[in-house]
Amino acid sequence: MSAELDTTIPETARRSVVVVLIAIAVVAVSSLFFVSLSYFKSVEIEEAESRLSLYARSLNETIERFQHLPSVLSRYPIVIAGAAATSNRRLNEQLASFSEEAGLEAIYLMDRTGLVLAASNFNAPQTFVGQNYGFRPYFKNALEGERGQFFGIGATTGRPGYFVSEAVRTPLGEVTGVIAIKLDMSELQKAWEEGGERVFVSNRDGVIVLSSNPEWLYQTLSELSANQQAAIAAGKQFGNEPLLAFDWEQASPTTVSVGDQEFIYASTRAKRLGWNVHYLLDNRRGYERAALTTIIFGGVLSVLLAFATFQRSVRIKAALRASQADRAQLLAANAEINLAQKELARRSKLAALGQLSASVTHELGQPISAMRNYLTAAELDGDRMSGKTLDKLSAVVSRMENITRQLRFFTKPGDEALEIVSLQDVLAGVMTLMEHDVEEAQVHLEQDIAARPVRVFGNRLRLEQVLVNLMRNALAALETIEAPVLSVSIREDAGRAILRISDNGIGFGGRELQQMQEPFHTTRASGDGMGLGLSITAEIVKEHSGFLTAHQNEKGGADFEVSIPLAEEIA
């Protein structure tokens, strides 16, 4: 459970943090985009208004330049005389000179009916001389004593122009004619077309009269009324143009769409004729600039978030490693505590056993000795007791003495002096005691003994007890085996003495060495042992700075191995 939490909780937390960071980044980037779009749109509006003022100024300068020229010409004596003359050859030449010097398309003089008496283009194929323009609004306005101003397509040339007119009067103030000029707007139109921007001018009827896009010319911004259509037709203002509706829609004071494209929009009023100047700025620029700003900011933010996430990941990994290290130390400490608790429990058992063994040994020692003495005396005196009975009593006494000897080990362990002992001598002493038992059990004994003495620093009697206990356990494990084999080997390996006892008996029966070393743990029948053999053996081996190992061998039996440092190594 803890291992699962160690992996799932940090992963879940990490995913949650990443989701939150992504959500914050998306909100921040989206907010930045809309804020940037609003800002750049305001910048674009200011730019559109600035560009609009330039176009309006150029238009006003163009039409204002010659506003007073007709008034000046109307007072010129040759013009006043020409209004009453039958021949105006000299006036034609004079008007042609004036027109060339001023850069006008035409200057012409009309009588009170609108008939052209003299014109600067008198010798041109499409001359105004002889034409009647009495239908034009600028003629009617001048005849009434007002300055006439008009924009329209020329009835003779078919070219659009801006017309300005003034009444010609006699010295007595009588109106005898009208002098008019035609200003060619094509140069301004061409300049706007070449500028590559979107600008157009509409008249008071909403008809586009000038435009940087020639396709927009003479289209109407709104539907014309019947009166407007009649006035335009009467003045022949736009010739045969159909005056189609302009495909535009104004969504707001600063936004219009032409066709399917949206523009920033600005407009202003011109000084003459009730004209309006309109300027369109592509709205995509604002989106592009906002998108670019957002991309840059988003890139920087992404880098910062990635770096912050990386740093946080590094810190989390470091903390996780530290936590895992602490957990490993805690597990190791718990293992040591468990081991210490087991050892303490074991030693507590041994301590209690020591107290018990001292008491039992003390209480049984004297009766056993007395019984032994009585048996000996009976044998010497020749008392009538069958040999069978004596043998049984002797066996009982021997068994009781063996038990007390085992118990004495726990009373004062480690009190005997240690010396250099040869394991070969230890085996020889043990075989003197165990030879009869091995023969009686009909066990085949195999010995693999090193030729060179294998010496250790220890107590010979205790080492003999180790070997006796291991051999007795092996003999007990071989009781039910048809061809029992007991192997004993003594050798040196890497500075240690190795004593190995092997058998082909019943093995461990699923038990572990640690369990078999517990005091009073036995599988024998009651009376055959107290279960102290391996416990005593393990304690003796530890006293000699060695260790006892055991494992199941290939033959199904058990291998017990005692490893003790060589005396030379200790010295």
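Which helix gives the largest share of the lining of the second largest pocket? Helix 7 does, with four residues.

## Basis

This is a predicted model, in which local features need pLDDT of at least 70 and side-chain atom pairs count only at pLDDT 80 or more, while totals for chains, interfaces and linings use all residues. Residues are numbered from 1 along each chain as its sequence is written, and side-chain values use heavy atoms, with hydrogens and water left out.

## Second largest pocket

The second largest pocket holds about 330 Å³ of space. A pocket here is an open set of points on a 1 Å grid over the protein atoms alone, with protein on both sides within 12 Å along at least five of seven lines; lining residues have an atom within 4 Å of a point. The volume is the space filled by probe spheres set on the points, which are joined across faces, edges and corners.

Of the 16 lining residues, Pro137, Phe150, Arg204, Asp205 and Gln237 are the closest to the centre. At least two lining residues come from each of helix 5 (137-143), strand 3 (148-153) and helix 7 (226-234). Helices (H or I, at least four residues) and strands (E, at least two) are DSSP runs, numbered from the N terminus. By class, the lining has eight nonpolar, six polar and two charged residues; Ala, Val, Leu, Ile, Met, Phe, Trp, Tyr, Cys and Pro count as nonpolar, Asp, Glu, Lys and Arg as charged, and the others, Gly among them, as polar.

## Nonpolar cores

A nonpolar core is a set of buried Ala, Val, Leu, Ile, Met, Phe, Trp, Tyr and Cys residues joined through side-chain atoms within 4.5 Å. Buried means under 20% relative accessible area, exposed over 50%, and partly exposed in between (1.4 Å probe, protein chains only). The largest core has 48 residues, and Leu59, Met185, Leu210, Trp275 and Val277 have the most contacts inside it. Helix 1 (residues 2-64) gives the most to this core, seven residues. Another core, of 37 residues, lies apart from it and includes Val430, Val454, Leu475 and Leu499.

Beyond its neighbours within four places in sequence, leucine 59 is in contact (heavy atoms within 4.5 Å) with Met185, Leu188, Trp192, Val201, Leu210, Ala270, Trp275 and Val277.

## Helix 6

In helix 6 (residues 186-195), Leu188, Gln189 and Trp192 are buried. Seen down the helix axis, these buried residues fall within an arc of 100 degrees, so they line one face of helix 6; the arc is that of the directions from the axis to the C-beta atoms. Glu187 and Glu194 are exposed on the other side. Glycine 196, with a positive phi near 75 degrees, follows helix 6.

Key. On a 1 Å grid over the protein atoms alone, a cavity is a set of points where a 1.4 Å probe fits but cannot get out, and a pocket is an open set with protein on both sides within 12 Å along at least five of seven lines; lining residues have an atom within 4 Å of a point.
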